[in-house]
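The exercises below are to be worked with the sequence and the model at hand. Each consists of a task and a solution in steps.

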Amino acid sequence: MERLVERLEKAVERLETVCRGPGMCGDGSSKGVAQYVQAFDAILAGPVAEYVKISKEVGEDVQKHAEIVHAGLMSERALLVIASQHQQPTENVFSLLLKPIAEHIQAVQRFRESHRGSTLFNHLSAVSESIPALGWVAMHSSPGPYVKEMTDAAMFYTNRILKEYKDVDKKQADWVKAYLSIWTELQAYIKEYHTTGLTWSSTHRSKRPPPVPSSSPSLYTEHDVIRYGIALWSVGVSCPRCLRHVSDDMKTHKNPALKNQGGPLRSGPKPFTAPKPACNPNPSQKTSPKAPALLELEGKKWRVENQENATNLVISDTELKQVAYVFKCTNSTLQIKGKINSITLDNCKKLGLVFDDVVGIVEIINSRDVKVQVMGKVPTISINKTDGCHVYLSKNSLDCEIVSAKSSEMNVLIPTEGGDFTEFPVPEQFKTVWNGQKLVTTVTEIAG
């Protein structure tokens, strides 16, 4: 059975490779290609081509990232070609067809996570936050608004790019415009051709995949696999933004216990979740070891990871070109001396950070109950997806910009002449009204 699954996966990969460009699928011409595939080709030849072109001009990590994005879009085109030639398949079959798109989404996001020290990190973040929009094909209804939601997720970072390079590098603004236009065009495309979900062929009745036979599965050839799309592989997604890599221990054909796991269905196929046993049937069996605690310099990056109950962590031998990445540290304190490029706190809980000077940004993401104190100067502090964050500013850092999103319980403490601090809460609630011409958003003050 595993050999059959491997052939299925290879067949889909080969089909994706065949469809390499606009009008180039199967016989290498656009003859017979469905209208909505041709319309998607227009997006590839228009905003996508412009985005790839400008990304090459920007160079470095942005160029490499764009190449992965383009590969994901070509995977989507391959699926559109299949949909235009076949009737809607079963969920198992459809899951197989979604696999290449899921893998490209993961590759885009993995690239960003592995390049947190990049000077173009805002570009990588804008793309990674919005790339799940490719998963609109898995939506059973109203995929257009979902793409809009993913586009909005990129705006936090694209606005930072526009501000950073304003009156400095026009090319960066062109990059933002080109990238966002991909999703704007895709929304219009979906509205015209796939308003209620991916449109499948209604004329190719002979191409509806038959039920999977219970015997002799090895007799199916790879040609049959492409034609009928028989699938045993299932992609993990409750909604397209959750598309991610599925390891062997999370595949149903290699781990039958997963088949019994349930949960409410949302807008896509059933999500994969790792099994959570209620108890350990073998008390003597060892649990997985914890990840090792790290405090080390790797190239230009200081890695502080998996520290627990460590109250005297210090980084002192710093340079301006270095960055610090603090990951999954709990009940600990960290002091960073000297001037460095940037600091990122990721997935930390009850962490105290004290630092001297940062020339770029201090970013706090996916964390809880953290305290950050600036002894010198920092231009920007970003708080994202964090609950409970206290920022102590120094007199030299009062002009610091604090940008927050999807966070709560944030407070900024301002130093007084007597050496104490005055606490000011960061607004979390906003009011939006239509003034006849545009939406106007203001902070809602809540007396407490």
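Predicted model: local features only at pLDDT ≥ 70, side-chain atom pairs only at ≥ 80, totals over all residues.

**Exercise 1. The whole protein**

Task: State how many helices and strands the secondary structure comes to, and what share of the residues is buried.

Solution. 
1. The secondary structure consists of 8 helices and 16 strands.
2. The protein has 448 residues, of which 47% are buried.
3. Among contacts between residues at least 6 apart in sequence, 42% join residues at least 24 apart.

**Exercise 2. Strand E10**

Task: Determine whether the residues of strand E10 (residues 380-384) are buried or exposed, and identify the strands with which E10 pairs.

Solution. 
1. E10 is mostly covered, with 5 of its 5 residues buried.
2. In a regular strand, side chains alternate between the two faces of the sheet.
3. On one side of E10 lie Thr380, Ser382 and Asn384, and on the other Ile381 and Ile383; both faces are covered.
4. Strand E8 (residues 361-365) pairs with E10 in the parallel sense over 5 bridges. Within this pairing, Glu363 has Ser382 of E10 as its bridge partner.
5. Strand E12 (residues 401-405) also pairs with E10 in the parallel sense, over 5 bridges. Here the bridge partner of Ile383 is Ser404 in E12.

**Exercise 3. The largest pocket**

Solution. 
1. The volume of the largest pocket is about 810 Å³.
2. Its lining comprises 29 residues, and those closest to the centre are Ser118, Thr119, Asn341, Gly360 and Ile361.
3. Two or more lining residues come from each of helix H5 (121-130), helix H6 (143-164), strand E6 (342-346), E8 and E12.

**Exercise 4. Lys337**

Task: Classify Lys337 by its relative accessibility and list the residues that it touches beyond four places away in sequence.

Solution. 
1. Lys337 belongs to strand E5 (residues 330-340).
2. Buried means under 20% relative accessible area and exposed over 50%. Lys337 is at 35%, so it counts as partly exposed.
3. Leaving aside residues up to four places away in sequence, Lys337 touches Val314, Ile315, Ser316, Thr318 and Asp356.
4. Val354 is 17 residues from Lys337 along the chain, and their C-alpha atoms are separated by 8.4 Å.

Note on methods. Residues numbered from 1 in each chain as written. Heavy atoms only, no water. Buried < 20%, exposed > 50% of the residue type's maximum accessible area, 1.4 Å probe, protein only. Helix = DSSP H or I, 4+ residues; strand = E, 2+ residues; numbered from the N terminus. Pairing = 2+ DSSP bridges. 1 Å grid on protein atoms, 1.4 Å probe; cavity = no way out; pocket = protein on both sides within 12 Å on 5 of 7 lines; lining within 4 Å. Points joined across faces, edges and corners; volume = space filled by probe spheres on them. Contact = heavy atoms within 4.5 Å.
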